[in-house]
Amino acid sequence: MRAPPAFDAVGAASPPVPTEELPTMRLRDRPYAGASVIYVVDGLADAALDRLPEALSAYVLHPASIEVRDSLGRAPRDSDVAAAVEEAVVRIERYADVRDLIARARALGYGRLPVRVVIAGGTLVVNVHHGVMDGGAILELVTWLVSVSSGADGKRDTRTPLAFPLVHGLRKVGRAGLEDFRANRRTPQPEPVLTHSPTDADLRLETARFGHATLGPDELRRLIALPAGGPTTVMSRVASLAVGAARRLYTGERDVPVIVPVDSRRFVKNARVLGNFMGVAAPAALLASDWSPAAIAARSKAALRGGGAMVSTAHALARWIAHRPKTLLRRSPRPGPGTVAVFVPMLGLSEAFLGAAWREGASPWIGGATVSAWPSGTALSLLAAGDEYQISAWDESGLFEVSDRTLAEALAAELAEREVAAGIGPAVV
């Protein structure tokens, strides 16, 4: 497992600027107003980094970029877009490590665009307001920036956005989806674990941890050679290994839930859906649940087949609407600690990203972090990248020993232990 290169420059992060609700946000997106999704890309060629403002400008001007361009008004002039892009792209020279870069990108907040692009030496950081789009759509934006700045033609979904996608999805899954959701709710879950993480975002970011590792072709071959106990995919095998590594990195005494996002666009096929449209599979426990590849594959298949994930999207929105008046009436400047949970988004990098212009001799990598309004445990980002997988972990709870070294070692130890258990690896002395 390769880890990203060490950073030599040193600097302290500025206090973060909290993200707010945008005037153009849909009701479906408002629960995500306090969160940012941040991707870090290392290894881009210098010429590509220099062309990033041009790539961002092309993205904003594209007819399909409604959600990003809406912040500039209905029909912004080219000069308005140029000024907003110039404001959105920032170069910094001094930083400590990747965690520091993520904190700085969050601290910079947003200008007229809900996107912040930070160029730090040879590293690209893209911070997108979560109230504009979900992680999958944000990865598409990052792919556009990387590929177009490298000289490729950008591709966007130009279909007319589907009106009322939540209604369409609920009608699609019907009563069966509701029953599946209720069954998932009856599944026993761990008691909430509250951390003592400071509620001030700047202090929480100072203690957050980030780690990245690459699962290369050799490790993938070893992983695929292991018995899985049932039908699996390569992604479910990688997810199983990553959750096993997270178990090794967990230092808490009580179990915590693991949440696997499911793209609810699967329930409204052949349609374009703007904004956030993610549901979740039935949550399971980090320590007590079965996280074998077959179990993960079966859980994901059940979530898509039964429709419970679609209903969970509506349920989360309904809960937010119900609690919204209480939040406004009893707003507290210092809310209490957050509930720890592990989120495991599983996405793939397109050929456009993989075919970008990379620095000669560099080992390109990409990692993700979701910085929320509340401490939320750790996010394990799994990205399929051709014949390897990019795995990153972002922890705000302080309960996971996350770093480049510990993540790579935990993945290696988990793989070796599974080989021994299967009788196809050397015994560990």
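**Strand pairing and a buried glutamine**

Guide: In S4, Ser 36 has His 129 as its bridge partner. This is a predicted model, where local features need pLDDT of at least 70, side-chain atom pairs count only at pLDDT 80 or more, and totals for chains, interfaces and linings use all residues. Residues are numbered from 1 along each chain as its sequence is written, and side-chain values use heavy atoms, with hydrogens and water left out.

Visitor: What makes S1 and strand S4 a pair?

Guide: Two strands pair if DSSP finds at least two bridges between them. S1 and S4 (residues 123-129) have 7 bridges, in the antiparallel sense. Strands themselves are DSSP runs (E, at least two residues), numbered from the N terminus.

Visitor: How do you know that S1 and strand S12 pair?

Guide: By the bridges again: S1 and S12 (residues 365-371) have 7, antiparallel. In S12, Gly 367 stands opposite Val 40.

Visitor: Why is Gln 390 called buried?

Guide: Buried means under 20% relative accessible area (exposed is over 50%, partly exposed in between; 1.4 Å probe, protein chains only). Gln 390 has 2% relative accessibility, so it counts as buried. Gln 390 lies in strand S14 (residues 388-395).

Visitor: What makes the link between the side chains of Gln 390 and His 212 a polar contact?

Guide: A polar contact is a pair of N or O atoms within 3.5 Å; within protein, one must be able to donate a hydrogen and the other to accept it, and residues adjacent in sequence count only if both atoms are side-chain atoms. The Gln 390 and His 212 side chains make theirs at 2.7 Å. The side chain of Glu 388 also makes one with that of Gln 390, at 3.2 Å.

How values were computed:
Helices (H or I, at least four residues) and strands (E, at least two) are DSSP runs, numbered from the N terminus.
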